[in-house]
Amino acid sequence: MMQVLLFSVLGPAALGLPALPEPQPYGSQCIQQDCYTLFRGPATFLAASQACERLRGHLMTVRSSVAADVISLLLSGNGGNSFRLWIGLKLPSGCGDLGQLGPLRGFQWVTGDNQTSYSRWTRLPPAPLCGPLCVAVSVAGSPEPGEQVWEEEQCDLEADGFLCEFHFSASCRPLTVEHGVTAAANVSITYSTPFGARGADFQALPVGSSAAVSPFGVELVCEQRPGEAEARWGREVQGPWDCSVENGGCQHVCNWSAGVSRCICPADTATQEDRRSCAVPGEHSCNKLCEHFCVRNLELPRTYSCMCETGYQLAADQHQCEDVDDCMQVPSPCQQVCVNKQGGFECHCHLGYDMVDGECVESVDPCIGTNCEYQCQPLGKTDYRCVCAEGFAPNPQAPHRCQMFCNQSSCSADCDPNEPDSCQCPEGYILDEGFMCTDIDECDNGNCLDAVSCRNLPGSYECICGPDSAQAGTDCDLTKESDGGDEGGSGELAISSTPGTTSSPSPAGSGHSGVLIGISILSLSLVVALLALLCHLRKKQGAIQADLEYKCGVSDKEVVLQHLSTEQGPQKL
């Protein structure tokens, strides 16, 4: 066992044995930036996959009919009608239901995904389908001549070869040779790719490919210059080569004179150091190539680096800038919620938290610590108000306290549930029939004697003063005359702006002829009213006056309406 392990770790070459031969390409096709190569020779799926990876590629993924056509071209040029070639499709360990596995039947590409618009299975697999299994492409088992099909195989079996796929950032077109030139008649070009394919017939050559041009002895390389999307042929040696091949590498005009090639640039440009490119004098190309900033290297002329603004990073081409997802950083730059933005990010807080000086702190309930008698209602994040139950309203002088409230001629009394006979009424109301509070008509009790009229209100009243009287508290005072002659002589009646409290009439002022008679009639009426009131109260055994500080929270309905309650004062005799 130890010998087997040692052999697998050190390899044949380290043990003095001949090294395993590298697979040789037997055909290659390149389409734009992707190249596909056929390698012949017995190999297991694992050995084939490792061979492709050593060449910086992977087993071929056949996701479309275009890729299938490439395989047909490679097979037709190598007499591969009987070959079984590994492709990059494998079924992981385990079993699955075919009805839920999709067109790839649970298999995955070696790139780790299962995206495809093409599949060509040779037969229905057994149910259930269990891995690990690998896929080989072949023409031999096809029901139609020349059509390739996929077959499931045991991964440790050896196929006749495999197909590799290579991807490059850019590619060069094959070199163009100017026909009709005497020297160009004998020109031959041999291309070599980075993955070992050689030949003269390619549709495209990936970056890193070389071209040997005979009989000029010129060796060219397909290279991609910084900031350029396409690659082009060049060489380290300065100056152009023969003008008949790829215009001598000149950016504009290649001039052949006296057996020497020379590049000519437009009048407003100058030839660069490679003696093939042209640029405006004094202009550094990186200002146009770099998306954000260009930093020139003073030690190495015509070299530079691109930099990006804060919140961006250089893309793979080292010239463009792409946004950095700051929210993917570990640890996150935000305490709770991070929202990525172009060139930056924003921090937010969860519900129930507020952003304070860049930190999320738990929201403070504005009702905490309040002294509302019944209930506190938040107003926004910092303010609140006290509300009362139905039949009560906040006291204007103490908004945190609740007082009984009625804005009708009669309302239900507030009775103690433990003592039904103990009931309370709002100020300005009298308990009637045990459970109802009836408004006291203060105007019938002789209020507003000096006024033109008296208006009764729910729980209160107001006096309407005449033009010759002045407002004196809640009543009208006839002793006060206006000093302005015509002032106040519009004829309009003065109405008390503040409703009066339930009280007895004030004594009339001197100087009026019917004062004594009025006082006598008022006194007699007051005595009769008090006797009737005392009899009524004795029968009902109810409360005479409501307690301003009493509150009962029996009802759950809240009201926030406010009304200025009347204050009962001592009667004036």
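Trainee: Which residues does Phe-202 touch, not counting those up to four places away in sequence?
Mentor: Phe-202 touches Ser-28, Pro-174, Tyr-191, Thr-193 and Ala-197 on that count. Keep in mind that this is a predicted model.

Trainee: Where is Phe-202, then, and is it buried or exposed?
Mentor: Look in the loop between strand S11 (198–199) and strand S12 (205–206). Phe-202 is buried, with a relative accessible area of 9%.

Trainee: How far is Phe-202 from Ile-31?
Mentor: In sequence, 171 residues. In space, 9.4 Å from C-alpha to C-alpha.

Trainee: Let's zoom out. How many helices and strands does the protein have?
Mentor: It has 5 helices and 42 strands. The protein has 573 residues, and 34% of them count as buried.

Trainee: What about the surface? How much of it belongs to carbon and sulfur atoms?
Mentor: The accessible surface comes to about 34,000 Å², and 53% of that belongs to carbon and sulfur atoms.

Trainee: And the contacts? What share comes from residues 24 or more positions apart?
Mentor: They make up 50% of the contacts with a separation of 6 or more.

Trainee: Now the inside. Which residues touch the most other members in the largest nonpolar core?
Mentor: Trp-86, Phe-162, Leu-175, Tyr-191, Val-213 and Trp-233 do. That core has 38 residues.

Trainee: Which elements each supply at least two residues of this core?
Mentor: Helix H2 (45–54) is one of them. The strands include S2 (34–43), S6 (129–138), S8 (159–167) and S10 (188–192). S13 (210–214) and S14 (218–223) are also among them.

Trainee: What lies apart from it?
Mentor: Another core, of 27 residues. Ile-71, Ile-87, Trp-109 and Val-135 are among them.

Trainee: On to charges. How many salt bridges does the structure hold?
Mentor: It holds 6. One of the pairs is Arg-84 and Glu-153, at 3.6 Å from N to O.

Trainee: Which parts does that pair tie together?
Mentor: Arg-84 lies in strand S4 (residues 84–96) and Glu-153 in strand S7 (residues 149–153), so the bridge ties together parts 69 residues apart in sequence. Glu-153 is buried, with a relative accessible area of 15%.

Trainee: What does Glu-152 meet in a salt bridge?
Mentor: Arg-105, at 3.3 Å from N to O. Glu-152 is in strand S7, while Arg-105 is in the loop between S4 and strand S5 (108–109). They are 47 residues apart, so this pair links distant parts of the chain. Glu-152 is buried at 12% relative accessible area. Arg-105 counts as buried too, at 12%.

Trainee: How close are the N and O atoms of Arg-455 and Glu-462?
Mentor: The closest ones are 2.6 Å apart, in a salt bridge. Arg-455 is partly exposed, at 41% relative accessible area. Glu-462 is buried, at 10%.

Trainee: Which side chain of opposite charge is nearest to Glu-246?
Mentor: Arg-173, at 4.0 Å. Glu-246 is buried yet has no salt bridge. It sits in the loop between strand S15 (232–234) and strand S16 (253–257).

Trainee: What is Glu-246 in contact with, leaving aside neighbours within four places in sequence?
Mentor: Arg-173, Pro-174, Leu-175, Thr-176, Trp-233 and Trp-241.

Trainee: Backbone next. Where is the peptide bond cis?
Mentor: Pro-215 lies in the loop between S13 and S14. Another joins Val-330 and Pro-331, with omega about 0°. Pro-331 is in the loop between strand S23 (321–323) and strand S24 (337–341).

Trainee: What is the phi of Ala-258?
Mentor: Positive, about 55°, although Ala-258 is not a glycine. Ala-258 lies in the loop between S16 and strand S17 (260–264). At 77% relative accessibility, Ala-258 counts as exposed.

Terms used: Residues are numbered from 1 along each chain as its sequence is written. This is a predicted model: local features need pLDDT of at least 70, side-chain atom pairs count only at pLDDT 80 or more; totals for chains, interfaces and linings use all residues. Side-chain values use heavy atoms; hydrogens and water are left out. A nonpolar core is a set of buried Ala, Val, Leu, Ile, Met, Phe, Trp, Tyr and Cys residues joined through side-chain atoms within 4.5 Å. Buried means under 20% relative accessible area, exposed over 50%, partly exposed in between (1.4 Å probe, protein chains only). Helices (H or I, at least four residues) and strands (E, at least two) are DSSP runs, numbered from the N terminus. Lys and Arg count as positive and Asp and Glu as negative; His and the chain ends are not counted. Contact means heavy atoms within 4.5 Å. Accessible areas come from the Shrake-Rupley method with a 1.4 Å probe; for residues, only the protein chains shown count as cover.
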